[in-house]
Amino acid sequence: MGRARREAQRPRPGTEAPQASGLHPRPNGIRHLFAAYDLSRDKLYGHIKPKKTRTRFLEFCRYLRSTHHPETRIAIVLDDFSPHLTTKKDTRVGDWAEANNVEFAYTPTRRPRLARRRTPPWAPVGGPPLA
């Protein structure tokens with residue numbers, strides 16, 4: 001953040017303090033939530049981790065796998081966050097899924113029409129783009 005912007009954000013004498021922005025100090029760091037919803041059991045699972053890495057993601061996947069019998073096929077829907085993906089350099093995610101009877105389904109990338117936060121509830125999904 002530049003000096004001019006910091007100066008502009010300082011409260012003037014006799015005025016209210018500005019709203020806290022995303023740039024406020026975090027003395028205790030931040031936490032990341034890995035969460036899964038089990039449709040068959042109507043149960044929500046969650047783990048809070050200090051970092052979002054491929055290793056931490058696989059730890060959570062192993063936990064999910066342990067909640068079901070090994071013969072039961074598990075389908076997990078994921079976004080395109082990089083630790084969820086298998087790359088040429090790091091194939092751990094895909095290898096683990098194949099060895100543990102797990103199927104990953106990824107949401108489409110760069111598809112704003114499918115994002116509920118940008119699509120009005122009355123708009124047909126997959127229809128023509130809104131003007």
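Analyst: A salt bridge is a side-chain nitrogen of Lys or Arg within 4 Å of a carboxyl oxygen of Asp or Glu. This is a predicted model, where local features need pLDDT of at least 70 and side-chain atom pairs count only at pLDDT 80 or more, while totals for chains, interfaces and linings use all residues. Residues are numbered from 1 along each chain as its sequence is written, and side-chain values use heavy atoms, with hydrogens and water left out.

User: Which residue forms a salt bridge with Arg54?

Analyst: Asp90 does, and the closest N and O atoms are 3.2 Å apart. Because Arg54 lies in helix α2 and Asp90 in the loop between β3 and α3 (92-99), the pair ties together parts that are 36 residues apart in sequence.

User: Are Arg54 and Asp90 buried or exposed?

Analyst: Buried means under 20% relative accessible area, exposed over 50%, and partly exposed in between (1.4 Å probe, protein chains only). Arg54 has 15% relative accessibility, so Arg54 counts as buried; Asp90, with 18%, is buried too. Of the protein's 131 residues, 23% count as buried.

User: How many salt bridges are there in the whole structure?

Analyst: A search finds 5. One of them pairs Glu59 with Lys49, with the closest N and O atoms 3.1 Å apart. Glu59 sits in helix α2 and Lys49 in strand β2 (residues 43-49), 10 residues apart. Glu59 is partly exposed at 32%, whereas Lys49 is buried at 15%. Another joins Glu103 to Arg73, at 4.0 Å between the closest N and O atoms. Glu103 belongs to strand β4 (residues 102-106) and Arg73 to the loop between α2 and β3, 30 residues apart. Shared partners also join Arg54, Asp90 and Arg92 into one network of salt bridges.

User: Which residues lie nearest the centre of the largest pocket?

Analyst: A pocket is an open set of points on a 1 Å grid over the protein atoms alone, where a 1.4 Å probe fits, with protein on both sides within 12 Å along at least five of seven lines; lining residues have an atom within 4 Å of a point. The largest pocket has 26 lining residues, with Ala36, Tyr37, Leu64, Ile76 and Val77 nearest its centre. Two or more lining residues come from each of β1 (32-38), α2 (54-66) and β3 (74-78), and β1 gives the largest share, 6 residues.

Technical notes:
Helix = DSSP H or I, 4+ residues; strand = E, 2+ residues; numbered from the N terminus.
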